[in-house]
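Please have the sequence and the model at hand while reading.

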Amino acid sequence: MDREAASQAEEMSKSQATLTQNPLEKTWVPWMKSRLNKRRGSSVPQFTNSPTLIVMVGLPARGKTYISKKLTRYLNWIGVSTKAFNVGEYRREATCSYNSYEFFSPDNTEAMEIRKTCVAAALKDVFTYLTRYQGQVAVFDATNTTPERRQVILSFAKDNGYKVFFVESICDDPEIIAENIKQVKLTSPDYTDCDKEEALVDFLKRIECYQQTYIPLDDDTDRNLSYIKIFNVGSRYLVNKVQDHIQSRIVYYLMNIHVTPRSIYLCRHGESELNLLGRIGGDPGLSHRGTKFATALGDYMRDQSISDLKVWTSHMKRTIQTAEFLGVQYEQWKALNEIDAGVCEEMTYEEIQEHFPEEFALRDQDKYRYRYPKGESYEDLVHRLEPVIMELERQENVLVICHQAVMRCLLAYFLNKSDDELPYLKCPLHTVLKLTPIAYGCKVESVFLNIEAVNTHRDRPENVDVDRDPEEALETVPDHM
Amino acid sequence: MRGCSNRSKQNQGKAVCMTNCPTLIVTVGLPARGKTYISKKLTRYLNWIGVPTREFNVGQYRRDFMKIYKSFEFFRPDNEEGLKIRQQCASAALNDVRQYLAEDGGQVAVFDATNTTRERRETIIQFAEQNGFKVFFVESVCEDPDVIQENIVQVKLCSPDYTNCNTDEAVEDFMQRIKCYENSYETLDEVLDRDLSYIKIIDVGQRYLVNRVLDHIQSRIVYYLMNIHITPRSIYLCRHGESELNVKGRIGGDSGLTTRGKQFAKKLAQFIQTQSIVDLKVWTSQMKRTIQTAEALAVPYEQWKALNEIDAGVCEEMMYEEIQESHPLEFALRDQDKYRYRYPKGESYEDLVQRLEPVIMELERQENVLVICHQAVMRCLLAYFLDKSAEELPYLKCPLHTVLKLTPVAYGCKVESISLNVDAVNTHREKPEIGPLIDPRLVRHQERCRHQNCGEDKPPLIVR
């Protein structure tokens with residue numbers, strides 16, 4: 001052991017007895033801020049050293065932007081800071097108005113120059129994001145259909161110490177391409193003043209411009225690159241040289257998503273006995289109104305006439321009781337259990353304020369990262385829900401009967417909500433949210449099933465200081481018995 | 001875990017129902033391409049996560065039938081008698097597969113053989129169709145002579161086929177054996193086999209071709225296969241140093257190290273130094289005692305919440321004697337089925353395994369790792385590496401102040417147990433003699449009533 005390490009070891013052994021617990025996240029850190037302990041603040045290690053640059057490859061209308069946006073949303077949700085850079089958007093900004101497909105003709109040298117400038121501008125922003133702002137993953141969304149263009153990006157990444165992972169989408173099914181164009185191209189800013197027929201013809205010619213010079217990733221010449229090739233929306237994949245944990249997770253995710261139309265229904269259990277009393281957590285049964293909701297839920301789902309609906313619940317009595325009223329098979333997931341409030345289980349907010357005023361304030365300061373003593377945080381919840389999300393991606397029509405905090409986490413994933421927004425998303429009792437993927441996002445329909453229930457939503461109060469008055473702490477607590 | 005799968009509605013709640021019909025995994029590849037290695041590893045993983053799985057190695061059937069192996073001539077494509085016997089062995093194995101999946105409650109069967117011709121694979125596909133099994137092929141393709149050589153050295157030379165040969169003879173014979181298959185080898189083809197579900201593993205994981213993944217279990221299998229590697233490395237498992245609560249005989253909690261515990265941490269640091277491990281990663285839980293232990297190593301470490309000790313719910317920080325007194329029925333239930341038993345408002349070993357799965361997946365990806373964890377957690381991890389059943393897992397011995405060094409070798413794992421010579425209390429509780437079996441459903445009600453003073457005091461229903 002060299003001298004520096006030896007003295008560090010001595011330092012360590014002195015501080016061995018002195019760990020302190022971070023009051024917000026309840027994690028143990030050494031007393032002296034050692035540079036050895038650079039946690040990123042989560043329950044799961046991040047395993048990212050160098051930043052990763054994901055590079056999309058493929059002809060237009062092959063789902064590159066769809067994949068970019070979805071992947072970005074997923075990575076951010078699991079706590080990996082990610083941002084997508086769409087070169088098309090840079091082009092729209094540079095050229096003001098789109099005339100026709102001729103802009104993309106390989107012999108249009110003037111346009112070529114503009115397009116190259118746009119790539120450079122986008123890469124510059126990638127650099128700012130990854131190197132200056134400590135982003136972990138950047139998704140470079142463009143056609144990148146020639147080896148020359150890909151080499152430019154590889155050099156850029158090498159100069160900056162980024163790992164590169166290519167995602168190529170290959171599709172020759174004309175129906176998929178047509179559907180793609182219909183869903184996202186006809187409504188693009190490029191075609192606002194065109195009628196549908198004109199737009200379609202122009203776009204197909206645009207694709208042709210690229211087709212002439214398209215060289216896919218080659219299994220032989222590109223054998224040292226890290227990439228995944230997706231064929232025909234997922235019927236086949238080719239995966240080459242996965243380098244690390246994050247690339248492995250990305251591959252797993254990409255191999256589980258699909259584009260088959262379907263809907264996901266999210267709702268909470270029916271109103272529970274403890275809900276009525278304003279108490280959090282526990283494992284109570286349904287109140288009378290809760291059972292009425294369960295019946296109404298059954299009627300609603302039957303009216304939806306869904307083929308092959310899967311129903312999921314948690315292991316807690318109130319979700320299972322709700323599911324029982326549907327009269328169909330359901331599966332129980334422990335991972336869908338409500339957030340564990342630790343020592344505050346079954347307390348009212350008033351009691352928490354009385355017994356743990358400092359904890360109560362800390363929670364209001366950072367509701368996402370705050371962990372109840374001997375309990376969990378929203379951040380912990382997201383990690384335990386990740387397998388649920390992965391399976392939801394695989395499935396088609398699913399009804400998830402869960403709990404307030406859990407539903408907020410799932411909703412945040414589908415609607416791309418930030419850590420700050422997530423713990424305050426409104427998920428009232430007796431309301432079903434129907435989520436239907438459309439274009440690049442998700443359509444939400446909120447259906448209240450007309451059975452009254454208490455409000456369990458507590459907004460962030462104005463004063464979050466630990467020395468605030470009890471009234472200030474309790475000003476946003478909803479009414480209860 | 002091994003043990004019969006319970007398809008009744010009661011057990012359906014433990015994990016998502018991943019399979020409707022059973023799955024038949026079929027390996028494909030020339031000899032010495034790692035098929036048996038993959039079969040055994042995959043079987044071990046699936047059983048650990050709770051999917052009853054068994055492997056069927058046709059070579060084993062051939063050895064049982066033939067008793068004596070003479071030479072590679074047995075495998076010559078023109079050896080009619082040899083072909084007939086090999087066909088019979090394959091049929092016998094498939095018959096056992098059918099028995100396992102259709103009658104014995106198995107969910108996945110791994111059919112481990114070369115299966116190098118389209119004709120043979122077609123037979124298997126038909127067999128699966130007749131019985132309502134899904135088929136997933138796992139092909140291993142490798143042309144790197146070094147990898148093949150190493151393979152032969154590790155697992156073929158010590159095979160029962162070559163007990164009476166010297167090394168050179170054995171290698172020579174085995175190379176000839178491979179040649180027998182080479183001419184008729186039809187690899188899974190992108191076009192001809194486009195409707196089959198398969199993964200093709202090329203050059204030990206450099207590249208993968210994945211076709212038509214049908215369901216959850218196939219998706220999990222693909223993810224697992226894409227994360228394993230064969231680079232030599234060692235995994236070190238140990239518990240935190242002795243803690244204050246350990247000494248008091250109390251379970252759970254979040255206490256700090258005793259003086260002896262701190263001594264252990266220092267000894268652990270020295271031990272790690274002497275091992276001269278390349279690029280060692282250190283993982284701890286988020287509990288004070290493992291972190292304190294890691295701090296003594298003076299190297300960066302990662303904290304995993306998933307490595308936290310089992311949550312004993314209402315029994316946290318109690319002594320076994322106190323649990324016996326306040327929750328006697330719970331205590332008895334635990335001894336009845338320690339793997340599935342869940343503490344009230346706490347966890348079971350079964351829950352632990354589920355939360356440790358991402359840790360195992362990452363351990364597979366990594367190389368040299370030291371995991372500083374807790375008794376129940378270490379038992380789960382150890383059970384994965386040493387292929388222990390659900391019955392054995394909760395009673396595996398994981399004493400304090402002892403490091404287990406696991407090194408993958410051949411088809412399994414070598415274990416070295418290293419005691420660092422610092423005294424500590426013993427926290428291991430053996431399985432006691434089982435009294436009359438108790439119906440779990442009655443217990444929670446009974447004990448909840450007792451604790452809420454609702455006055456009911458019926459004697460427990462005893463199930464014989």
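## A helix with a buried side

Which residues of helix H6 (residues 174-185) of chain A are buried? In this predicted model, they are A:Ile177, A:Asn180, A:Ile181, A:Val184 and A:Lys185. These residues lie on the same side of H6(A), because they cover an arc of only 105° around the axis. An α-helix has 3.6 residues a turn, so residues three or four places apart point the same way.

Helix H7 (196-211) of chain A is included in what covers the buried residues of H6(A). The face turned away from the buried side carries the exposed residues A:Glu175 and A:Lys182.

## Two domains of chain B

The domain assignment divides chain B into domain 1 (23-226) and domain 2 (235-419). Their contact takes 15 residues from domain 1 of chain B and 16 residues from domain 2 of chain B. The C-alpha centres of the two domains are 36 Å apart.

## The interface between them

The area buried between domain 1 and domain 2 of chain B is about 1,500 Å². Carbon and sulfur atoms give 64% of this area. Six residue pairs are in polar contact between the two domains, and two salt bridges are found across the interface.

On the side of domain 1 of chain B that touches domain 2, the elements giving two or more residues are helix H2 (35-48), helix H6 (145-156) and helix H8 (216-225) of chain B. H2(B) gives the most, with seven residues.

Definitions and conventions: Residues numbered from 1 in each chain as written. Chains lettered and ligands numbered in written order. Predicted model: local features only at pLDDT ≥ 70, side-chain atom pairs only at ≥ 80, totals over all residues. Heavy atoms only, no water. Buried < 20%, exposed > 50% of the residue type's maximum accessible area, 1.4 Å probe, protein only. Helix = DSSP H or I, 4+ residues; strand = E, 2+ residues; numbered from the N terminus. Arc of directions from axis to C-beta. Contact = heavy atoms within 4.5 Å. Domains from an automatic or database assignment. Buried area = accessible area lost by both parts, 1.4 Å probe. Salt bridge = Lys/Arg side-chain N within 4 Å of Asp/Glu carboxyl O. Polar contact = N/O pair within 3.5 Å; in protein donor to acceptor, adjacent residues only side chain to side chain.
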